[in-house]
Every structure is written in C-alpha cells, then in structure tokens.
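Welcome! Take a look at the structure below, and then let us walk through some of its features together.

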Amino acid sequence: MKVWESPMAGLLREWKVGPGDSFRAGDELAVLESMKMEIPLVAEMDGKVEALLVEPGDFVDEGTHLLRYQEIP
C-alpha cells in the first residue's frame, strides 16, 4: 500500500476518483486550488484507490497524504 502526497499547499477542490476506482498514468485524480489557480493532480503510474484521506474543502499542506492506493504493474 502506498500513499499519494500533495505536491503543494492548497485547498482540495474535488476528487475525480473514489475508493475502488482504478486509474492509469496520466489520469486526473483530483483538483487542488493554490494561489487562486486550479491545479489538476495527475497520476504518474497505474493504480487502484484504496482510500481517500482528505475531503473536498480541506486545506492541505505540501506532503499531506491525500489517498492510499495500490500500484498496478
């Protein structure tokens, strides 16, 4: 089990995935708002979401664990 961390501080606007969803490298997983800009958070590998660790509307710091996932080779 791995965790995906926030690359910067900001407000988690929305999730594009949920628990149990599979994703592929390049898929948009979430939208983060930082400095009044919406930043899409994109997967770097294939995987499957195990748990979302923050809720939309939550402020997160850089390095905050956003979701738990299982990497799919």
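## A cavity inside

The largest cavity has a volume of about 40 Å³. Here a cavity is a set of points on a 1 Å grid over the protein atoms alone where a 1.4 Å probe fits but cannot get out. Grid points are joined across faces, edges and corners, and the volume is the space filled by probe spheres set on the points. A search of the whole structure finds 1 cavity of 30 Å³ or more.

Which residues line the largest cavity? They are Trp4, Phe23, Leu29, Ala43, Glu44, Met45 and Tyr69; a lining residue has an atom within 4 Å of a point. The lining divides into 6 nonpolar residues, no polar ones and 1 charged. In this count Ala, Val, Leu, Ile, Met, Phe, Trp, Tyr, Cys and Pro are nonpolar, Asp, Glu, Lys and Arg are charged, and the others, Gly among them, are polar.

## How to read the model

This is a predicted model, in which local features need pLDDT of at least 70 and side-chain atom pairs count only at pLDDT 80 or more, while totals for chains, interfaces and linings use all residues. Residues are numbered from 1 along each chain as its sequence is written, and side-chain values use heavy atoms, with hydrogens and water left out.

How many salt bridges does the structure hold? There are 5, each being a side-chain nitrogen of Lys or Arg within 4 Å of a carboxyl oxygen of Asp or Glu. One of them pairs Lys2 with Glu71, with the closest N and O atoms 3.0 Å apart. This pair links distant parts of the chain, 69 residues apart: Lys2 is in strand β1 (residues 2-5) and Glu71 in strand β8 (residues 65-71). Strands are DSSP runs (E, at least two residues), numbered from the N terminus.

Lys2 counts as partly exposed because its relative accessibility is 40%, and Glu71 counts as partly exposed at 38%. Partly exposed lies between buried (under 20% relative accessible area) and exposed (over 50%), using a 1.4 Å probe and protein chains only.

Glu14 forms a salt bridge with Lys16, the closest N and O atoms being 3.7 Å apart. Lys16 also meets Glu28 in a salt bridge, at 3.9 Å from N to O. Glu28 lies in strand β4 (residues 28-34) and Lys16 in the loop between β2 (10-15) and β3 (22-23), so this pair ties together parts 12 residues apart in sequence. Through shared partners, salt bridges join Glu14, Lys16 and Glu28 into one network.

Note on methods. Helices (H or I, at least four residues) and strands (E, at least two) are DSSP runs, numbered from the N terminus. On a 1 Å grid over the protein atoms alone, a cavity is a set of points where a 1.4 Å probe fits but cannot get out, and a pocket is an open set with protein on both sides within 12 Å along at least five of seven lines; lining residues have an atom within 4 Å of a point.
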